[in-house]
Amino acid sequence: MKRVVILGGGVAGTLTANYLVPKIKERIKNEEVQITLISDRNFQIYEPGFLYLIFNRLGEGELKRNLGELLDPAVQLVIDRATKIDADNSRVVTENGSYDYDYLVIATGSRVVPEEIPGLKEGGHWFYNLEGATRLREALAKFNGGKIVVSVMGIPHKCPVAPMEVTFILHDFLRRRNLRDKTELLYTYPINKIFTMDPVVELVQPMFDERGIQYKTFFNPIEVDAKNRKVITLEGEEESYDLLIAIPPHRGAQVIIDSGLGDKGGWVPTDKYTLRVDGYDNMYALGDATNLPVSKAGSVAHFQAEVVAENLAAEIEGIEPTAMFNGKAFCFIETGWEEATYIWFDYFTPPRPVLPSKFVHFVKMAYNKAYWLTARGLL
């Protein structure tokens, strides 16, 4: 029997499993192949929903589903924490056991590490995990005016456009509460422009100007003075705030670091086309876990899962795998309370944003409801 182990129960892991099952259904039925998905939690969270949770537009219950409901019944689900990938012996070690594999799919995602910025945990908020988003929702509900700083504190991070989105929505949120005239809104970014992609900068920067949203570039926080409410940067600046919304530094999963498989950020070195882990013929990586020069976004994991599932199925059938990932990404960009645009791009095609509209926003809101069909591999 061939054993496929998928490590990670986020969108990348569940989609790979759900796409793979129908391609090798007869072999699973005949007990020639076993697919095992290992996750350290028994539920999945729709993380893009945090952007709406902080403004009370989606509830926690709408963002969580049990993994058992999302996975094809042919997939063996193991709830356990992986502690090491023993690549030399093709084995995943967990807190409660070990799992040998013929093929391993690494879909371990990314994590925020606010502790890497001294003072940030005490003096700042973020919305990149459920705990942080819930705290920020409470802080925003109590906010009565002052200075809000939205600060990107490292690249790469999940959902690259989300800091711009939260800034735009904040502008309208404050207007609706008659607080915009009492609030200074500042967005900061660590490089020499407000985003990594020039076509997006050309769209967003004039919109920031029209709305009176201030911005600073080459702004790299190294410390937060929680007592005096100041952000201190590598460039020698000090920026005061009343409410700090940070995008904390991100790192790869601890199991990747502990297994010696990642680079200095914990990202898995991965072939940009085949999605094989560099140096290992029986390992694939996808989603946020990789070191690829693509967005750490759900849509990217979605498109990559199609490639990994197709190549795994080919290998199991004894066929040379030929599916290639072309870098495709698709992102909605909320530009207000009821307005949005979108971008798509790949390795060969730059993004070309369209003008924002209510229609695109409503499509995004509909997708928020339909996401769970995607996770099941149906959309």
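Biologist: Among contacts between residues at least 6 apart in sequence, what share joins residues at least 24 apart?

Modeller: A contact means heavy atoms within 4.5 Å. In this chain, 64% of those contacts join residues at least 24 apart. The model is predicted: local features need pLDDT of at least 70, side-chain atom pairs count only at pLDDT 80 or more, and totals for chains, interfaces and linings use all residues. Residues are numbered from 1 along each chain as its sequence is written, and side-chain values use heavy atoms, with hydrogens and water left out.

Biologist: How many helices and strands does the chain have?

Modeller: Both are DSSP runs, numbered from the N terminus: helices are H or I with at least four residues, strands are E with at least two. The chain comes to eleven helices and 21 strands.

Biologist: How do I read the radius of gyration?

Modeller: Take it over C-alpha atoms; the globule rule is 2.2 Å times the number of residues to the power 0.38. For 379 residues a compact globule would have a value near 21 Å, and the chain agrees, with 21 Å. The C-alpha trace spans about 65 × 40 × 40 Å along its principal axes.

Biologist: Is histidine 250 buried or exposed?

Modeller: Buried means under 20% relative accessible area, exposed over 50%, partly exposed in between (1.4 Å probe, protein chains only). Histidine 250 counts as buried because its relative accessibility is 2%. Across the chain, 55% of the 379 residues count as buried.

Biologist: Where is histidine 250 found, and what does its side chain reach?

Modeller: Histidine 250 sits in strand 18, residues 250–252. A polar contact is a pair of N or O atoms within 3.5 Å; within protein, one must be able to donate a hydrogen and the other to accept it, and residues adjacent in sequence count only if both atoms are side-chain atoms. The side chain of histidine 250 reaches the backbone oxygen of proline 248 at 2.9 Å. A polar atom of that side chain also lies 3.3 Å from the backbone nitrogen of lysine 158. Beyond four places in sequence, the contacts of histidine 250 include Tyr128, Pro156 and Trp267.

Biologist: Which classes line the second largest cavity?

Modeller: Ala, Val, Leu, Ile, Met, Phe, Trp, Tyr, Cys and Pro count as nonpolar, Asp, Glu, Lys and Arg as charged, and the others, Gly among them, as polar. This lining has seven nonpolar, one polar and no charged residues.
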